[in-house]
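Please have the sequence and coordinates open beside the text.

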There are 2 protein chains.
Amino acid sequence: MHRMDMLTVARRAKVSTATVSRVLSGSRPVTAEVAARVRAAIEELNYTPNSHARSLRSGKSNLFGLLVSDVRNPFFPDAIEHFESLATAQGIDVIFSNTGYSPERLMSGLRRLLDRGVDGIAVLTSEVSDELVHTLRNVKVPVVFLNQPAVQGNFPIVRVDYERGYREAMEHLSMLGHKDIGFVSGPNTLFSAMRRKEVFLQVAKDCGFSTRDEWMIEGDHRLGGGKIAAARFFTMRSAPTAILCSNDLTAIGFIHTANRLKRSIPQEMSVIGFDDIAMSEMVQPALTTLHLSRREIAAHAFFALQNGEDRSRKTKSMASTVLPQLVIRESTGVAPEKPRVAKER
Amino acid sequence: MHRMDMLTVARRAKVSTATVSRVLSGSRPVTAEVAARVRAAIEELNYTPNSHARSLRSGKSNLFGLLVSDVRNPFFPDAIEHFESLATAQGIDVIFSNTGYSPERLMSGLRRLLDRGVDGIAVLTSEVSDELVHTLRNVKVPVVFLNQPAVQGNFPIVRVDYERGYREAMEHLSMLGHKDIGFVSGPNTLFSAMRRKEVFLQVAKDCGFSTRDEWMIEGDHRLGGGKIAAARFFTMRSAPTAILCSNDLTAIGFIHTANRLKRSIPQEMSVIGFDDIAMSEMVQPALTTLHLSRREIAAHAFFALQNGEDRSRKTKSMASTVLPQLVIRESTGVAPEKPRVAKER
DNA sequence: TTCAAGCTGGTAATCGATTACATTCAAGGC
DNA sequence: GCCTTGAATGTAATCGATTACCAGCTTGAA
């Protein structure tokens with residue numbers, strides 16, 4: 001069954017291809033009767049327009065590119081799902097690409113999307129490089145970032161208000177009597193992870209927490225990092241009583257090895273995650289965490305791209321920010337009376 | 001910065017567009033010197049070919065479509081990651097679409113992919129309908145299914161050997177002294193879920209297990225289904241001592257409410273999952289499950305599509321099958337001495 | 001020397017839409 | 001009744017590659 005082309009349809013409807021195109025796009029009025037004939041022909045011949053031809057001529061592809069750091073981190077599938085669902089509702093398809101936290105893969109993914117002529121690119125990753133920003137600047141495709149510092153350029157950005165989130169978390173911990181706090185960060189190679197570390201330190205200070213260099217452990221945004229961090233924290237001579245993790249995956253990893261080590265959370269140590277993935281509720285103890293709405297993020301990103309399509313330089317880059325929200329479950333509790341530090345000679 | 005076209009490159013290199021095209025594709029030999037000139041021009045002008053034009057003329061899009069049931073089920077992201085990584089290594093981009101277990105969405109997703117002119121479609125879903133198969137039959141695009149019964153047509157299929165997996169699981173349970181077994185299935189609306197139910201019953205019989213209608217509970221392949229199933233099993237007058245779940249998500253949901261109900265697994269009941277997602281190791285008790293290699297599945301699917309591109313009708317549709325492998329963790333244990341059935345009057 | 005074969009490279013048709021511009025025809029103004 | 005105007009449709013250029021076909025130049029065998 002060969003694919004039909006517009007000429008065939010036109011002939012069948014006894015009109016020109018221009019007319020067929022017009023009834024399809026509604027770009028110009030067509031007599032009701034003629035339109036009906038065209039539609040009938042389309043129906044009968046089972047015609048669907050060739051998207052390559054269409055894109056070639058019109059310069060629009062109805063494709064968005066979606067770059068994410070790590071599909072395996074449950075945070076992303078949620079975002080992907082919402083993004084894709086918004087897109088298909090508008091007849092836009094999405095090309096997906098996973099970067100695995102690698103700037104090189106991000107860069108090559110980006111280039112592929114550019115070559116593919118997508119109409120917009122959502123960069124839901126943390127490993128943004130200067131080269132990438134530079135490339136993007138020389139290109140007219142709408143782009144939206146997740147959570148990159150403003151420095152980068154004049155791009156729309158979906159911001160997560162980490163400061164506010166951390167503050168909420170720490171106030172909760174304060175109320176429970178905690179004074180010392182540790183942090184399991186993302187990879188130090190990621191600019192955004194470093195930023196969050198700074199924010200953490202700032203907020204901790206503001207809230208009157210003690211922090212220490214050795215309580216700042218580098219993770220990897222995955223389970224593994226949390227596991228290793230837990231092992232370290234539980235063998236420290238003097239450990240904090242509360243830990244904030246850069247995301248739920250590392251918090252869950254943390255809890256897992258705490259369990260394995262027979263250390264009880266939250267009795268010995270409280271831990272808080274970030275994201276609120278489905279598994280956080282399943283793990284034992286259930287994770288107290290900062291919920292981050294993937295729906296909101298996806299929606300902001302999507303609409304930024306859609307609006308960006310009318311690339312008027314005047315449009316001030318709207319930075320929509322989304323607020324994390326503390327969900328208190330079982331991994332946080334009152335600070336232990338006698339901190340382990342007592343053991344020190 | 002305008003995008004360059006081939007003509008500009010050709011002029012700069014003092015050759016024709018045909019020659020440029022040739023050095024790019026290597027479709028025909030070109031003198032080393034000329035090729036060098038062309039490459040230089042490409043470099044200097046920063047030229048990249050317009051993919052729409054290319055696809056239009058050549059009829060190949062270098063795009064694969066990937067349809068999955070549920071990105072939020074961690075099984076899929078793993079598969080997606082491998083698939084995408086194989087694809088990009090070959091210069092193929094992948095359009096992603098989530099069906100949410102809905103045949104309608106699958107169908108519309110498929111149609112979008114077809115209209116988009118993709119070079120291959122991987123259907124990693126369970127909700128395949130007759131309409132879909134029919135549509136696919138009338139089309140020349142290579143397609144590969146995950147795990148659909150052969151009846152469907154002459155398509156390549158990546159099969160999971162459920163029978164073997166179930167057998168392995170049940171032998172394990174047998175050794176632990178279990179005699180009664182229950183099953184939490186996928187949605188009854190899915191043909192493939194029904195099939196697996198049959199396989200389960202068959203294998204259970206072969207292994208000498210008792211089954212009952214009321215021990216066959218319909219789930220939804222998500223956490224929720226497992227939770228509900230657990231609630232039911234734990235309030236039954238007479239419950240089995242072992243449960244097989246259609247996937248890890250439902251098994252984890254099951255364990256979660258078991259914990260909430262203060263029922264201990266595996267002391268009171270053993271549960272086995274399917275897939276072996278990352279979280280299965282994290283949950284408490286850690287889940288005994290059948291590991292299913294996403295890497296294998298993705299690879300089989302991908303290569304089926306790639307080979308399918310030379311659509312010789314002669315190529316007998318290779319059905320590659322992948323074997324689940326039992327991973328014993330903590331959610332299975334010896335059958336309780338005195339089954340709850342003793343409570344019956 | 002001559003001619004066929006083999007390389008390289010160019011010319012132009014082509015893929016299937018969109019769209020600028022031309023045309024037709026009817027209605028309405030004077 | 002004639003000319004302007006505008007709405008509906010058609011004609012053909014166009015998007016930017018690929019590729020069938022052709023032309024010229026070597027090379028080597030007869």
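Reader: How do the residues of the surface near DNA strand D divide into nonpolar, polar and charged?

Author: This is a predicted model, in which local features need pLDDT of at least 70, side-chain atom pairs count only at pLDDT 80 or more, and totals for chains, interfaces and linings use all residues. Residues are numbered from 1 along each chain as its sequence is written, chains are lettered from A and ligands numbered from 1 in the order in which they are written, and side-chain values use heavy atoms, with hydrogens and water left out. Ala, Val, Leu, Ile, Met, Phe, Trp, Tyr, Cys and Pro count as nonpolar, Asp, Glu, Lys and Arg as charged, and the others, Gly among them, as polar. On that basis the surface near DNA strand D divides into 12 nonpolar, 6 polar and 9 charged residues.

Reader: Which residues are the closest to DNA strand D?

Author: A residue is near a strand if one of its heavy atoms lies within 4 Å of it. DNA strand D is surrounded by 27 residues. The closest are A:Thr19, A:Arg22, A:Arg28, A:Thr31 and B:Met6.

Reader: Which side chain has an N or O atom 2.6 Å from a base oxygen of DNA strand D?

Author: Polar contacts here are pairs of N or O atoms within 3.5 Å; within protein, one must be able to donate a hydrogen and the other to accept it, and residues adjacent in sequence count only if both atoms are side-chain atoms. Phosphate oxygens of DNA strand D lie 2.6 Å from a side-chain N or O atom of A:Thr31 and 2.9 Å from a polar backbone atom of B:Asn50. The base oxygen is approached by the side chain of A:Arg22.

Reader: What percentage of the atoms of DNA strand C within 4 Å of the protein do sugar and phosphate account for?

Author: DNA strand C has 27 residues around it, the closest being A:Met6, B:Thr19, B:Arg22, B:Arg28 and B:Thr31. Of its atoms that come within 4 Å of the protein, sugar and phosphate account for 55%.

Reader: Which elements give two or more residues to the surface near DNA strand C?

Author: Helices (H or I, at least four residues) and strands (E, at least two) are DSSP runs, numbered from the N terminus. By class, this surface has 12 nonpolar, 6 polar and 9 charged residues. The elements are α2 (17-25) and α4 (51-58) of chain A together with α2 (17-25) and α4 (51-58) of chain B.

Reader: Are α1(B) and α2(B) roughly parallel or roughly perpendicular?

Author: Axes are lines fitted to C-alpha atoms, for helices over the stretch in contact, and angles run from 0 to 180 degrees between N-to-C directions. Angles under 35 degrees count as roughly parallel, over 145 as roughly antiparallel, 65 to 115 as roughly perpendicular and the rest as oblique. The axes of α1 (residues 6-13) of chain B and α2(B) come within 8 Å and cross at roughly 100 degrees. The pair is therefore roughly perpendicular.

Reader: Which residues in α3(A) meet α2(A)?

Author: The axes of α2(A) and α3 (residues 32-45) of chain A are 10 Å apart, at an angle of about 90 degrees, which means that α2(A) is roughly perpendicular to α3(A). From α2(A), the contact (heavy atoms within 4.5 Å) takes in A:Thr19, A:Val20, A:Val23 and A:Leu24. They meet A:Val34, A:Ala35, A:Val38, A:Arg39 and A:Ile42.

Reader: Which residues of α7(B) make the contact with α6(B)?

Author: The axes of α6 (residues 103-116) and α7 (residues 130-137) of chain B come within 10 Å and cross at roughly 15 degrees, so α6(B) is roughly parallel to α7(B). The α6(B) side comprises B:Leu106, B:Met107, B:Leu110, B:Arg111 and B:Leu114. The α7(B) side comprises B:Glu131, B:Leu132, B:Thr135 and B:Leu136.

Reader: Where is B:Tyr101 found?

Author: B:Tyr101 is not a glycine, yet has a positive phi of about 60 degrees. Its place is the loop between β2 (93-98) and α6 of chain B.
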